[in-house]
Amino acid sequence: MDVGQLQTRFVDYRKSMFCEGLLDSQFIQLQQLQDESNPDFVVEVVSLFFEDSEKLLNELSKTLGQQTIDFKKVDAHVHQLKGSSSSIGAQRVKNACIAFRNYCEEENIEGCLRCVQQAKQEYFLVKGKLETLFRLEQQIVVAGGVIPMVE
Amino acid sequence: MVMASDSQFHVLAVDDSIIDRKLIERLLKTSSFQVTAVDSGSKALEFLGFNEDQQRNTDQRSVSPNNHHEVEVNLIITDYCMPGMTGYDLLKKIKESSSLKNIPVVIMSSENVPSRINRCLEEGAEEFFLKPVRLSDVNKLKPHMMKAKFKDHEKPAKQEEEASETPEVQQSQPPQPQSNNNKRKAMDEGLSSDRTRPRYSGLTVVSN
């Protein structure tokens, strides 16, 4: 594939992530903060998000597995996950967290268990796709091309 | 003694989220501010050299002589929801401190709760930003830092301040289109704690 084809593939893939609601405009904000002096900014922030989220999701599963569920603790974790997903533009993860918090408030165990599954699903989905996106981006760089900006 | 040069303002950012700290740091550096980021209110106070018994340094903006290097902080931007000391608690402590009260404070929150916003503004916060914070929010910071600097130097710079973009608290005025949109916007856009803001019409985003 030549650079042009790699770029097209990258742009299309990124566009699809937006169309599917996996990413929102906050992700664009992140990309705009990246420049020659901070060429890895997006990957760095997203990597932090991956680390943080996996920790939180594990904690959530653990907390929800207890005999007596500490809903305040669950809510605190979900709040954190909602915040970080919102900060990087992971829209569907964020939305899953919004629903999750409602169930926490109601202390609805079944609702919460469903939500943690949903949140995990959305998280792994966006994680996989972001990793692919970054790989496609790298291919352009390696081929000596420029990464197309959004719009 | 390290003094912030006139060309670079120094912002202290406080947020318990590592992701948000990285983000705010980048936003601030992009705007040519010097940044120190800490993960809690207590660390912020420690950095500021906060001393509860401090009454003497009324004419100094900077830290008590207990700090081996005097650090000048021109603005503090803090998250609201933090374990232990909240952003509001931190704001209060700063405004109650004779040496720190003149440092402008900005609060950030992921939740749009009008009563919370009002409380912070009443306690002396200059601005309240909804997260995720954007470059357009950070662009509102400089006037507050300029104002504080002029106030301390007792320069009659009022006319200069008025000429610059964002006037301060305008709770008694009707919402103006350009200026200070953030505070009123945050309150006017309803009481729902999770609002989404469609921002880019050019890009197709499946809205929720």
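**Ground rules**

I number residues from 1 along each chain as its sequence is written, and chains are lettered from A and ligands numbered from 1 in the order in which they are written. Since the model is predicted, local features need pLDDT of at least 70 and side-chain atom pairs count only at pLDDT 80 or more, while totals for chains, interfaces and linings use all residues; side-chain values use heavy atoms, with hydrogens and water left out.

**Entry 1: the two chains**

I began with secondary structure, where helices (H or I, at least four residues) and strands (E, at least two) are DSSP runs numbered from the N terminus. Chain A holds six helices and zero strands, which read along the sequence as α-α-α-α-α-α. Chain B has eight helices and five strands, and its order is β-α-β-α-β-α-β-α-β-α-α-α-α. The C-alpha trace of chain A spans about 55 × 30 × 20 Å along its principal axes.

I then looked up burial, taking buried as under 20% relative accessible area, exposed as over 50% and partly exposed as in between, with a 1.4 Å probe and protein chains only. Of the 151 residues of chain A, 49% are buried, and of the 208 residues in chain B, 49% are buried. By the Shrake-Rupley method with a 1.4 Å probe, where for residues only the protein chains shown count as cover, chain A has an accessible surface of about 7400 Å², with 49% belonging to carbon and sulfur atoms. Chain B exposes about 10300 Å², and carbon and sulfur atoms supply 48% of that area.

For contacts (heavy atoms within 4.5 Å), I noted that residues 24 or more positions apart make up 67% of those in chain A with a separation of 6 or more. In chain B, 65% of the contacts between residues at least 6 apart in sequence join residues at least 24 apart.

**Entry 2: the annotated span and His79(A)**

UniProt, in an unreviewed entry, places "domain: HPt" at residues 38–140 of chain A; such annotations may be inferred rather than shown by experiment, and the positions are given in the numbering used here, with feature names shortened. The span is 87% helix and 0% strand, and its end C-alpha atoms lie 18 Å apart.

Which residue does UniProt list for "modified residue: Phosphohistidine"? The unreviewed entry gives His79(A), which I found in helix H4 (residues 71–88) of chain A. His79(A) counts as buried because its relative accessibility is 19%. Not counting residues up to four places away in sequence, His79(A) touches Arg101(A) and, across in chain B, Cys81(B), Ser110(B) and Glu111(B).

**Entry 3: helix H2 of chain A**

Why is helix H2 (residues 25–32) of chain A largely enclosed by the rest of the structure? Seven of its eight residues are buried, so the rest of the structure largely encloses the helix. The buried residues of H2(A) are Ser25(A), Gln26(A), Phe27(A), Ile28(A), Gln29(A), Leu30(A) and Gln31(A). They pack against helices H1 (3–19), H3 (41–64), H4 and H6 (109–142) of chain A, together with helices H1 (18–30) and H5 (135–138) of chain B.

Cys112(A) is in no disulfide, and the nearest cysteine sulfur, that of Cys104(A), is 4.0 Å away. Cys112(A) is buried, at 0% relative accessibility. The sulfur of Cys115(A) is too far for a bond because the closest cysteine sulfur, in Cys112(A), is 6.4 Å away; Cys115(A) is buried too, at 6% relative accessibility.

**Entry 4: Val11(B)**

Val11(B) sits in strand E1 (residues 10–14) of chain B and is buried at 0% relative accessibility. Leaving aside neighbours within four places in sequence, Val11(B) has contacts that include Leu28(B), Phe33(B), Val35(B), Ile77(B) and Met145(B).

**Entry 5: backbone points**

Most residues other than glycine have a negative phi, and most peptide bonds are trans. Glu107(A), not a glycine, has a positive phi of about 55°; this residue lies in the loop between helix H5 (91–106) and H6 of chain A, and is exposed at 51%. Ser32(B) has a positive phi near 65° and is partly exposed, at 44% relative accessibility. A cis peptide bond joins Lys131(B) and Pro132(B), with omega about 0°.

How values were computed: A disulfide is a pair of cysteine sulfur atoms within 2.5 Å.
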